[in-house]
Amino acid sequence: MVDTLLSALAALLTFQHLLYMLLGVSVGLVIGVIPGLGGIAGLSLLMPFLYGMDEIAALAMLIGLVAVIPTSDTFSSVLMGIPGSSASQATVLDGFPLARQGQAARALSAAFISSMAGGIFGAVVLTGFVVIARPIILSFASAELFMLALFGLSMVAVLAGRSLAKGLAACCIGLIIGSIGGAPATGEFRMIFGSEYLYDGIPLVIVGLGFFAIPEIADLLRKNSAIASGNALGSGWFDGLRDWWHNIWLSARCAGLGCIIGAIPGLGGSVVDWIAYGHAVQTVKKDPQFGKGDIRGVIAPESANNAMQGGALLPTMLFGIPGSGAMAVFLGGMVLLGIQPGPSMVGADLNITYSVIWSLALANVMGAGICLALAIPISKLTQIPFQRLAPFMIVLICFAAFQATRSLADLVALLSLGVLGVLMKRFGWPRPALLIGYVLAPQAETYFYQALQFNGWSFLGRPGVIVIGLMTVASVVFGLRNRVDEHGHVVPNEDDAPDVPTFKAHLPQIGFAVAMAGLMALALIDSLEHDFLGKIFPLSVSIIGLVMLAVLIPQLARGKPGHHAHFDAELTGDHVGQAGIGNLWGGLAWIAGLVGLTALVGFYAALLIFFPIFLIQRAKAGPIAVAVMTAGAAGFILVLAWALSLNFPSGVLQDVLDLPWPFR
Amino acid sequence: MKTITRRVALGVAAGAVALGLAWPAAAEADFAGKTIEWIIPFSAGGGSDTWARFNAPLLSKYLPGNPVVVVVNEPGGGSTKGTNLFAARAKPDGLTILGTSGSTQFPYLLGDPRVRYEYKDWKIAMAGPTGGAVYASPSLGLTGPQDIAKLKDKELVYASQGATSLDLVPLLGFRLMGFNVQHVFGFKGRGDGRLAFERGEVNIDYQTSSAYLKNVQPLVDAGQAVPLFSWGVLNEAGEVVRDPTFPDLPSFAEAYETLTGKAPSGPEYDAYFAFFTAGFPAQKMVFLPNGTPDDIVAAYQKAFEDMKADPDYQANAEAVLGTYEQVTGPLAQALFEKGTTIAPELRKQVVEMLGAEYGVKLGE
């Protein structure tokens, strides 16, 4: 084994192989920086080049890409508060406040070193674990997987915010959104309302961008200023490294957590950052400042998300079961290279496995190094007035969103969830709780049904189930003790929130809660149309949600001013009363404009119209700047679309006229 | 005598005319400087995408004029979205082709309301067969394919991806054999199902050939799995015969005969046979749109034939395609017709059975 390990390293350390790895790492870094684009898009970019490549070089390139996406996605999370990919949503909670306090350098360096440490940890675990992993992975049956989904849901306790009823209601909305589409047990289509788009459910990338990116863009656009005032980066490169060193055990624990969650097939890694964040909040005792810029809130998710990639390689290579969309593409790449995953990956093909592991470790070092070097130029972006940056972000986010099914419907879904996201942010509904519910809904439902089918209720007596059950209970107890709110602040459950003491001022939040109750009622009515197995999950969730709202709405209506359920950023937020604050809906209106134009003339033509109008109208840019920026954005999107060989979503115009690409 | 000679002469003349027309026409198809879009109605990663990405560079190499061939993923609606798009938009110039899979054929055969495409409009360029083998747990008390009758009174459990997915073939097949199978749905792929088998949650499973050879054969060698039968392949006459990948395993038809003493027949078998063909021998197909000139179709068929001798094809074909040759011409045409045709009463029978027994609703 040691021989194989060393010879794999020797095979990798040739100029040509390292060059290909660097290529993969570079593409991965660029893709990671762009919000919403992740491993699937990155790997699809490289796929056409695999043809005729040498195995080791090709694997080094692919792994290089996969490994560094959770490193570079930190940039936009920390600098703009917009998650760079679904792996670093939790980084926003503390990374962005740090950046606004002028500590971006500290946050970024801590994030990069944590990413590197997490990635290397993942590789080390893989090295030893890969040989004995089969029986361990096989010990997670449907029953245990169901319990793990519950364990993930238990993080809602810590992320529920000031009002538990509100937090649980948000989680229920997530569970409902996650159950749209085909029911796992019967294949019945739930809550599709006659729309073919909803048959497959709403894709993760749309939910992530709608709830986390759009509200942030809308917020930043209102302020009409650069994101960072004064020195964008601040000093403190070494502070970040020191912070990581002081919290090395937290980093190691989160890396371990990430690795395990990645390694268990079927769980998927999309909430690993939230679980790590929740874990940090639950366990940190000394002076917690979560949500206000606690560096540990950056270290925890960043250590976990890179380690997760290492873990996720295990089921992919040993069983041919991809744990995520990106791993599915990676698996396709392996097959194209003529490598069939299976038990031989730890037998005859162990050298391939080890070269993958070494690539993983090296790529993480490369990625963190390059990111540290690039941090200063990239963070200059935060000194640009945001209204000049906004059209790029809006176009990039729409571009990322329609990767899902490449149709206009993706953009419409993005916009609708964006509206919901903006309102949830305004009224203090915890979006992380919603996201966890959304991601884990299909897993919880599927594995519960399967566990019952395979074992009957006796599945509850399985040792693994009992152990994970106890962990879940502990997590709920710790979580409720250290609850953090929508913005990550650790909150005492006291009724002393800043508030405006009139009933009329509370009407908007009461209205929103009532609307959410309407949504729940809609889900409930829809569920009644289905067979028992198809209805039981959405029915139960919508009833729980309605109960939570039945608790919340009277609290909102009758609670004393300052009651912990009350929250409306339009009454008490930092921006209230300041000069030059735009309308809450301004940013959304622009995004809606782009979507509307797309429906008329197709995405690419819409972009060419949207960009100059936005720059002239909103950013008051001069004609040269407008021309340069429009050409730059149009060119970049064109190259990216060409490299991904995709057609843009088409509009009414394309139904009538036959236009050449990219207007097709 | 004289008449015959004249007939022969006429025949030769007609043949010469036909050839004369055919040859220059074939030479006309030239894609130099063009880009061909290969629509794959599935997302990146996964079987169909990998299959297309394997073929695309080879197609580019062997089509006249060496056009660029790009794989365009148009996922959604269980592959109906991208296929509808192709049906509505593609022009008969050979620059847009479609790759379908069993998951595209099944909704069409079942009459899914999302289907707005008609296979019979299209011209087939190539068909890529696949196959697989069924195996069971030794805990059921059997030691080899000859013991299949022992399964008759056992409670079998199968990990299914859904009643309208490719796992409809085993569902119909097991029913035909009279097995008592509990289908547990919600699995993400056959690999996921194999994992459930290895965990002991299910006791009967099948894998496609390459996955079987790589992952199940070691289990068989270790005494943890017992092979039962292969789904079989179609011969030139359209009959189910042994899969050359598994020469020692009986085909589905043989296994049925061992169980019942007679060859399979009747409407239930016909329904099974339609879905089996669409799911295995005609699983992957490449189509050109309605009205595509014959010379373009011929150019594609020739390219798919020529690429088989390419060293790159031979090096990786087994990992991507399994052990089956991609076919063109009359054989592909035959597979195409068999894999996309079902009698209305058989469709009704299957849809009603799925609705009554598994709660499947296909929409309005």
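Visitor: What should I know before I start?

Guide: Residues are numbered from 1 along each chain as its sequence is written, chains are lettered from A and ligands numbered from 1 in the order in which they are written. In this predicted model, local features need pLDDT of at least 70, side-chain atom pairs count only at pLDDT 80 or more, totals for chains, interfaces and linings use all residues, and side-chain values use heavy atoms, leaving out hydrogens and water.

Visitor: How much area do chain A and chain B bury between them?

Guide: The size of an interface is often given as the accessible area lost when the parts come together. Buried area here is the accessible area (1.4 Å probe) that two parts lose on being put together, summed over both. For chain A and chain B that is about 4200 Å², with 50% on carbon and sulfur atoms. Tyr51(A), Leu336(A) and Phe454(A) supply 16% of the area that chain A buries against chain B, more than any other three residues.

Visitor: How many salt bridges are there between chain A and chain B?

Guide: A salt bridge is a side-chain nitrogen of Lys or Arg within 4 Å of a carboxyl oxygen of Asp or Glu. The count is six; one pairs Arg89(B) with Asp655(A), at 3.1 Å, N to O.

Visitor: And which domains does chain B have?

Guide: Domain bounds come from an automatic or database domain assignment, giving domain 1 (26-129 + 282-345) and domain 2 (132-278). These two domains bury about 1500 Å² between them, 71% of it on carbon and sulfur atoms, and their salt bridge count is zero.
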